[in-house]
Amino acid sequence: MAPFAEPAAARVALLGTGTVGSAVLERLASWRGSPFAEKISLVHVANTRQSASDRSGLAPAEALHRLTLAPQRSSLEAVEAALAGEGARIVIDATASESVAERHAHWLARGIHVATACKIGQGTSLSRWRAIRAAGAAGDVGYGDSATVGAGLPLLRSLRELQTGGDRIHAIAGVLSGSLAWLFNHYNGMRPFSALVRQARDAGYTEPDPRDDLSGEDVRRKLLILARTAGVELEADEVEVTSLVPPELAILSRDSLDAALPALDMPLRERYAEAYKRGEKLRFIARLQDGRARVGLESLPHDHPLAGGAGTDNRVAIWSDRYRTQPLVIQGPGAGAEVTAAGLLDDVLRLSTR
């Protein structure tokens, strides 16, 4: 009897070489000599400016250097050509790009797996979410989305496994923003909130423009992904979002923002004082219940399942038939390039064996 042939290594294209993409390369490089490294062949790396391809494989530790020397301009059309060959084909989307997210369904329909940390694909229009689902089924391929919510925490997987086991999801609530978790875990009403925002921005916890976090729009996308995964197919405008950004800050240019941040201080101090009198804590919460979704700052009892946590922890409670009175609570780091990269590569390994 002929010996069993080992499957060819999965051919992988990495799109995005920023904070998360660089962490993906570092993690791949750390696998050198391990069984994991034999399962994956990095054949294409690209950012918005340039790309590098090698059918025999790019050494992850040298990929960024190869990119700086690359004569190729970055092109989404080049991805499929780079992935041609034996074995599973996988695109890792470590970007925040609308144009890349728009390609997800295209790749899936052509039999290319997608692993993504980008929330735009599944957390914006319902039609795009449905197109991704349909394309994955038609192409008989997988869509790895663990890193889109909770930076790789087992949130989406838990929702899917509960439903596969016959459970029904009744409600979901959670702290879904690592940056907002950090801010409200540290805010004590004494130090100006604006100073904490600057500290969080300088530490890389928030986006370069912290209004992207404070507005709640990032949390809206995450809640949409959770809701749709739980079977509630909401449109984006069906999520009620209460922003922390006052109108006078919202209209400013990014260059003018820093000096105007103290406009946040008085409203947040008043909210904190009211909560403190009741022995409660402020948390920025996303909620799905009875088919309705909302995002905003809440004052929670000290012993509430979502009032705990530390640092940038995400904390999510799930109520279902099985967890009717005491919710299932999942907690862990909800921000950070390393944990996000780990979640992405967990999906890549899973997809490589399909």
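The buried residues of helix 10 pack against helix 9 (178-186), helix 11 (211-214) and helix 15 (265-277), where contact means heavy atoms within 4.5 Å. This is a predicted model, so to speak a calculated picture: local features need pLDDT of at least 70, side-chain atom pairs count only at pLDDT 80 or more, and totals for chains, interfaces and linings use all residues. Residues are numbered from 1 along each chain as its sequence is written, and side-chain values use heavy atoms, with hydrogens and water left out.

Back to helix 10, then. Helices (H or I, at least four residues) and strands (E, at least two) are DSSP runs, numbered from the N terminus. Helix 10 covers residues 193-202, and Phe193, Ser194, Leu196, Val197 and Ala200 are its buried ones; buried stands for under 20% relative accessible area, exposed for over 50%, and partly exposed for anything in between (1.4 Å probe, protein chains only). These residues sit on the same side of helix 10 because they cover an arc of only 155° around the axis, taken from the directions from the helix axis to the C-beta atoms. Just past the end of helix 10 comes Gly204, with a positive phi of about 85°.

Rings of Phe, Tyr and Trp (its six-membered ring) pair if their centres lie within 6.5 Å; planes under 30 degrees apart count as stacked, over 60 as edge-to-face and the rest as tilted. A search of the whole structure gives 6 aromatic pairs. Tyr272 and Tyr276 form a stacked pair, because their ring centres are 6.1 Å apart and their planes are at 20°. These two tyrosines are 4 residues apart in helix 15, which means that about one helical turn separates them. Tyr276 counts as exposed, at 59% relative accessibility. Ring pairs also tie Phe184, Tyr187, Phe193, Tyr272 and Tyr276 into a cluster.

Strand 12 (residues 313-320) is largely enclosed by the rest of the structure, because 8 of its 8 residues are buried. Both faces are covered: Asp313, Arg315, Ala317 and Trp319 are buried on one side, and Asn314, Val316, Ile318 and Ser320 on the other. Strands pair if DSSP finds at least two bridges between them. Strand 12 runs antiparallel to strand 8 (residues 169-175), with 6 bridges joining the two, and Ala317 is the bridge partner of Ala173. Strand 13 (residues 328-333) is also antiparallel to strand 12 and joined to it by 6 bridges; here Val316 has Ile330 as its bridge partner.

On a 1 Å grid over the protein atoms alone, a pocket is an open set of points where a 1.4 Å probe fits, with protein on both sides within 12 Å along at least five of seven lines, and lining residues have an atom within 4 Å of a point. The second largest pocket has a volume of about 330 Å³, a volume being the space filled by probe spheres set on the points, which are joined across faces, edges and corners. Its lining has 17 residues, and Tyr143, Asp145, Arg160, Asp347 and Arg350 lie nearest the centre. Helix 16 gives the most to this lining, with 4 residues.

Ala151, between strand 7 and helix 8, has a positive phi near 50° and is buried at 8% relative accessible area. Asp290, between strand 10 (280-289) and strand 11 (292-301), has a positive phi near 55° but is exposed at 70%.
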